[in-house]
Amino acid sequence: HIATTKPTSSSLARKSILLSNKENKKRDISSLSSSIIEKRLLMSLNDLDSLSNIVFPDVWDKFKILTNTNSDVLITEIIQLSQQLNERVAAEYILMKNSEIVQIIQNGILLSCFDYSSTKEDKHLTVRPYILSTLTRLVCVHRDLMAIDTQKSSSILNQIVFDLFQSILRCLTSIEVFNSFGKIQILLEVDFLKQNLRNYFTNECNTIIDAIQMTLSRRCYEKESDSQKREQLLVLDEMQSKTRMQFICLRNDKKKK
């Protein structure tokens with residue numbers, strides 16, 4: 001006869017903690033791997049910039065002097081190949097950053113238990129945490145790009161900001177109907193993003209924002225009141241004042257020519 005013992009609550013708790021720790025380690029390793037990949041991509045961008053703009057032209061000038069060659073066809077092809085590789089590296093970096101930001105936006109808009117269609121007379125407008133998290137991620141991207149001083153920093157941020165608003169539009173098309181409060185809540189958050197990210201707007205980005213506003217208007221079954229509009233402006237001003245220093249690098253950054 002083999003005696004069996006029933007697991008105690010403490011042993012089950014320990015097992016649960018161990019499993020949780022294993023999952024946390026997996027996430028940490030995955031996060032660490034992503035961080036290492038991002039750093040290597042940024043370093044590659046920096047190196048390719050230097051090759052295309054400094055190293056290759058300098059070596060070619062010396063080669064022409066030594067060989068008495070006047071044609072620039074070969075160096076032009078080499079630089080073009082380097083720039084194409086630069087574009088691919090930049091695209092991979094954008095893809096990685098977009099996946100993080102899109103997840104934040106999807107969770108914030110679609111998984112927040114926010115009821116966009118029911119009247120909420122007693123609820124006040126506010127910029128929700130997912131918007132602040134999104135901007136904080138962009139501050140980190142800006143910091144990393146400025147650290148390597150790549151010439152592609154502006155175009156990378158332009159693309160990330162465009163994809164950000166495109167993600168908002170996709171989320172909104174998943175919501176069938178808005179009441180006036182739900183509509184003005186989204187408009188407040190979009191306006192807050194616009195104020196902080198205007199340096200990285202392109203014509204395509206403006207088109208997406210127009211589509212967001214059109215989608216909200218078409219799916220809203222009631223007109224927002226004057227008091228809601230006033231509250232929107234007041235909250236917008238208040239949030240800009242509160243976060244002025246937090247997101248100042250995004251608002252003050254000038255596009256590189």
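**Figure 1. Overview of contacts and fold in the predicted chain.** Among contacts in the chain (heavy atoms within 4.5 Å) between residues at least 6 apart in sequence, 85% join residues at least 24 apart. This is a predicted model, in which local features need pLDDT of at least 70 and side-chain atom pairs count only at pLDDT 80 or more, while totals for chains, interfaces and linings use all residues. Residues are numbered from 1 along each chain as its sequence is written, and side-chain values use heavy atoms, with hydrogens and water left out. The secondary structure comes to eight helices and zero strands, where helices (H or I, at least four residues) and strands (E, at least two) are DSSP runs numbered from the N terminus. Of the 257 residues in the chain, 39% are buried, buried meaning under 20% relative accessible area, exposed over 50% and partly exposed in between, with a 1.4 Å probe and protein chains only. The chain exposes about 15700 Å², and carbon and sulfur atoms supply 55% of that area, as computed by the Shrake-Rupley method with a 1.4 Å probe.

Figure 2. The structure holds four aromatic pairs, a pair being two rings of Phe, Tyr or Trp (its six-membered ring) whose centres lie within 6.5 Å, with planes under 30 degrees apart counted as stacked, over 60 as edge-to-face and the rest as tilted. Tyrosine 116 and phenylalanine 178 form one of these pairs, edge-to-face, at 5.6 Å centre to centre and with 65 degrees between the planes. The pair links distant parts of the chain, 62 residues apart, since tyrosine 116 lies in the loop between α2 (73-110) and α3 (129-148) and phenylalanine 178 in the loop between α4 (153-172) and α5 (180-197). Both tyrosine 116 and phenylalanine 178 are buried.

**Figure 3. Close-up of the ring cluster and a charge over a ring.** Ring pairs link Phe114, Tyr116, Phe178 and Phe181 into a cluster. Over the face of phenylalanine 114 lies arginine 128, at 4.6 Å from the ring centre; a charge sits over a ring if NZ of Lys or CZ of Arg is within 6 Å of the ring centre and within 35 degrees of the ring normal.

**Figure 4. Close-up of helices α5 and α6.** The axes of α5 and α6 come within 10 Å and cross at roughly 170 degrees, the axes being lines fitted to C-alpha atoms over the stretch in contact, with angles running from 0 to 180 degrees between N-to-C directions. The two helices α5 and α6 are therefore roughly antiparallel, a term for angles over 145 degrees. Lys183, Ile186, Leu187, Val190 and Lys194 in α5 meet Ile209, Ile212, Gln213, Leu216 and Ser217 in α6.

**Figure 5. Close-up of lysine 194.** Lysine 194 is found in helix α5 and counts as buried, at 15% relative accessibility. Leaving aside neighbours within four places in sequence, lysine 194 is in contact with Phe165, Phe201, Ile209 and Gln213. Lysine 194 and arginine 251 are 57 residues apart in sequence and 9.9 Å apart in space, C-alpha to C-alpha.

**Figure 6. Close-up of glutamine 232.** Glutamine 232 has its place in helix α7 (residues 226-242) and is buried, with a relative accessible area of 9%. Not counting residues up to four places away in sequence, glutamine 232 touches Leu125, Ile184, Leu187, Leu188 and Asp191.

Note on methods: Angles under 35 degrees count as roughly parallel, over 145 as roughly antiparallel, 65 to 115 as roughly perpendicular and the rest as oblique.
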